[in-house]
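Good morning, everyone, and thank you for making the time. I would like to go through one structure with you, and I will ask you to keep it on the screen while I talk.

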Amino acid sequence: MSASTETIERFTNKGYEAGFVTDIEQDTVEPGLNEDVIRFISAKKNEPEWMLEWRLEAYRNWLTMPEPDWQYVHYDPIDFQAISYFSAPKSDADRPESLDDIDPEIKATYDKLGIPLHEQEMLAGVAVDAVFDSVSVATSYKDKLAEQGIIFCSMSEAIQDHPELVKKYLGTVIPRNDNFFAALNSAVFTDGSFVYIPKGVRCPMELSTYFRINAANTGQFERTLIIAEDSSYVSYLEGCTAPMRDENQLHAAVVELVALDNAEIKYSTVQNWYPGNAEGKGGIYNFVTKRGVCEGDNSKISWTQVETGSAITWKYPSVVMRGDNSVGEFYSVAVTRLRQQADTGTKMIHLGKNTRSTIVSKGISAQEGQQVYRGLVRIAPTASNARNYSQCDSMLMGSECGAHTFPYLDVNNTTAQLEHEATTSKIGEDQILYCLSRGIAEEDAVSLIVNGFCKEVFRELPMEFAVEAQKLLEITLEDSVG
Amino acid sequence: MALLEIRNLHVNVEGNEILKGLDLTIEPGKVHAIMGPNGGGKSTLAKALVGDEAYEITEGEVLFNGQDLLEMDPEERAREGVFLGFQYPVEIPGVSNTYFLKAAVNAIRKHHGHDEIDAMEFLELVRERARRVKLDEGLLQRPVNEGFSGGEKKRNEIFHMSVLEPKIGILDETDSGLDIDALRTVSDGVNAMRSDDRSFLVITHYQRLLQYIVPDVVHVLMNGRIVKTGGKELAHELESQGYEGFEENAA
């Protein structure tokens, strides 16, 4: 207990810990979006012609698409012409060969966040492909992974070095015209991670990327693609923080996962973008499209997310179970406080026989936070004996927050079995008093109760990540009760 | 010096005055029982003593071990040795009973300048104390009170008390909802903890519990005041005559 007390004390009155700005000369394009900007991005990244064409096609799609308005969030209209679509540290030309070569200021930024790369490498055995703004500045363990034929690099590198794989899979899970934000991402994505696990290989370490938004007014459009060949396994970690800003920053990432026969992909996210201040000013707009396809028989895709940041979250990590006996999982903890709004959930699309999916969603709302769970379970006519278990629990702290649940079921096969459980509870004054009356301090009591509530999700996270997530929740929710 | 000294305590709940000048002194090592009709203020006294914010102290003072109890935060009161066995213990999903207790034990130890308890030592302690109140060992790893039967919850309260070893144990209607066997076990657990420097305040409706936990002093609490104080025989008197005879005293 005392360890967490210290943590809380350390963070008391510090505001948003990750809120600082690193001063690095940016190579930024003027705000606005048109075909020339897309040509600029593509040229800047020295992309082949097919990639440029792919982007332009996406852009033309995007122009014809309406911005979605069905989600239960409220924000002023986004002026897409006021956003700058490219920004990269200047040192891009001569890419650092090792971590020692990266800009000391960038390194210092990560140090402030408590994620020194070298320590992570040594202690956690985690390979880090750190995205600083839009260009990867440090990639580690690449050689070690390469020995097993694993490719772990930035998307920009993958387009240069592995065009055949990118061409084969990019946009196959999330087409360029899938939705408004995915189309935008397809047109202007700047970087992201690319992972390829060859047949029969079990990736020997957790692969991890830390994302950061740094330049003012620069939207971040990450594009990540993970391919797991037959009988392979990979666990991927994604963690985010962003510096404090007054303007809203748009973030529209796309993540595509492909699992072939007997393959398994575990994708874990801790999202801690700047949530805005208590008046609802600032904060990241997080419009993310994440989808995995269990292409092969007996394959498995598992999404685990801990979402504590962003002013607005619009995110539904989904699994399409095409292969027979394939498995889709979604474990989520989402926290909304201040004036944060989140409309998040998942889609489980059952196509193959004997496909199974599990949804465990834990929503915590505090202060004036508003939260929606939105989940779709679709059982196709072909999906005999499909099964789904859904559990959606909401916890409210205080009386000005809200929790809403919109479950959609679309069942087209009579052999399907679906279970849905939902609860809403208020973090009880009586629960807190009970802890206090046993000598446990209030902030420890809150973290105890909240961690208990989230336990089923936390235990799906890799160990170090779970500890980090718990700490994050403690820090996030301190002062939210009482 | 008295362990607990309550002088002229007035307590409001949602604007209504429930305790109207209560006086009570408990010496170390003594077991006091408080009896009285519903709405008389028994549970209010218990909640006010542990520092529930919903119970507003408007007047009076409470000294615990010579210190001003009302100045202390609820967790500080607990760390100083005040324990309340709740009438309706709450559930804390996902938090194991053992983990919870360890957090409590360490918070109390830290307060007194001691190191955290050794993991093995703690495990032995909880097992031994669980046996004492015949608490199923399976309940040690289950989330606090979640899915416990009414009797198990009450037993768990006594178990917590026996692990935390307070200076005063306040038991708020611990006997309600217990069958005769459970009542006996719970009482045995309390009796095993009786000592020269530990006191108890047993709040109950029924004389039945007091057959097993024999009090040194019995009080009758009505209309927000102690209207009568006597020895253990007072409980029998109440059982046969009811509270009606005390109405006039209270008025």
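Predicted model: local features only at pLDDT ≥ 70, side-chain atom pairs only at ≥ 80, totals over all residues.

Chain A, to start with, contains twelve helices and 23 strands, and of its 482 residues 56% are buried. If we take the contacts in chain A between residues at least 6 apart in sequence, 84% of them join residues that are at least 24 apart.

In general, a pair of packed helices is described by the angle between the two axes together with the distance between them. The axis of H11(A) and that of helix H12 of chain A, residues 463-477, come within 10 Å and cross at roughly 140 degrees, and the two helices are therefore oblique to each other. The crossing of H11(A) and H12(A) is right-handed. On the H11(A) side the residues involved are A:Val446, A:Ser447, A:Val450, A:Asn451, A:Cys454 and A:Phe458, and they meet A:Ala466, A:Ala469, A:Gln470, A:Leu473, A:Glu474 and A:Leu477 from H12(A). Sorted by class, this helix contact has eight nonpolar, three polar and one charged residues.

Now to chain B, where I have picked out B:Val11, a residue of strand E1, which spans residues 4-13 of that chain. Is B:Val11 buried or exposed? B:Val11 counts as buried, because there are 23 C-beta neighbours inside 10 Å, where 20 or more are needed. Not counting residues up to four places away in sequence, B:Val11 touches B:Ile18, B:Leu19, B:Thr44, B:Ala48, B:Tyr55, B:Glu56, B:Ile57 and B:Thr58. For a sense of scale, B:Val11 and B:Glu239 are separated by 228 residues in sequence and by 28 Å in space, taken from C-alpha to C-alpha.

Chain B also has a helix pair to look at. The axes of helix H4 of chain B, residues 119-132, and H6(B) come within 9 Å and cross at roughly 135 degrees, so H4(B) and H6(B) are oblique to each other, and H4(B) passes H6(B) in a right-handed crossing. Here B:Leu125, B:Val126, B:Arg129, B:Ala130 and B:Arg132 of H4(B) meet B:Phe159, B:Ser162 and B:Val163 of H6(B), and the classes are five nonpolar, one polar and two charged residues.

Finally, the two chains together: 23 residues of chain B are in contact with 19 residues of chain A. On the side of chain B that touches chain A, at least two residues each come from helix H2 (74-80), strand E7 (92-96), helix H3 (97-111) and helix H6 (150-164) of chain B. H3(B) gives the most to this side, with six residues, and by class the side has 15 nonpolar, three polar and five charged residues.

Note on methods: Residues numbered from 1 in each chain as written. Chains lettered and ligands numbered in written order. Contact = placed C-beta atoms within 7 Å. Helix = DSSP H or I, 4+ residues; strand = E, 2+ residues; numbered from the N terminus. Nonpolar A, V, L, I, M, F, W, Y, C, P; charged D, E, K, R; others polar. Axes fitted to C-alpha atoms, helices over the stretch in contact; angles between N-to-C directions. Parallel < 35°, antiparallel > 145°, perpendicular 65-115°, else oblique. Left-handed = near helix turned anticlockwise from the far one by under 90°. Buried ≥ 20, exposed ≤ 12 C-beta atoms within 10 Å, placed from the backbone.
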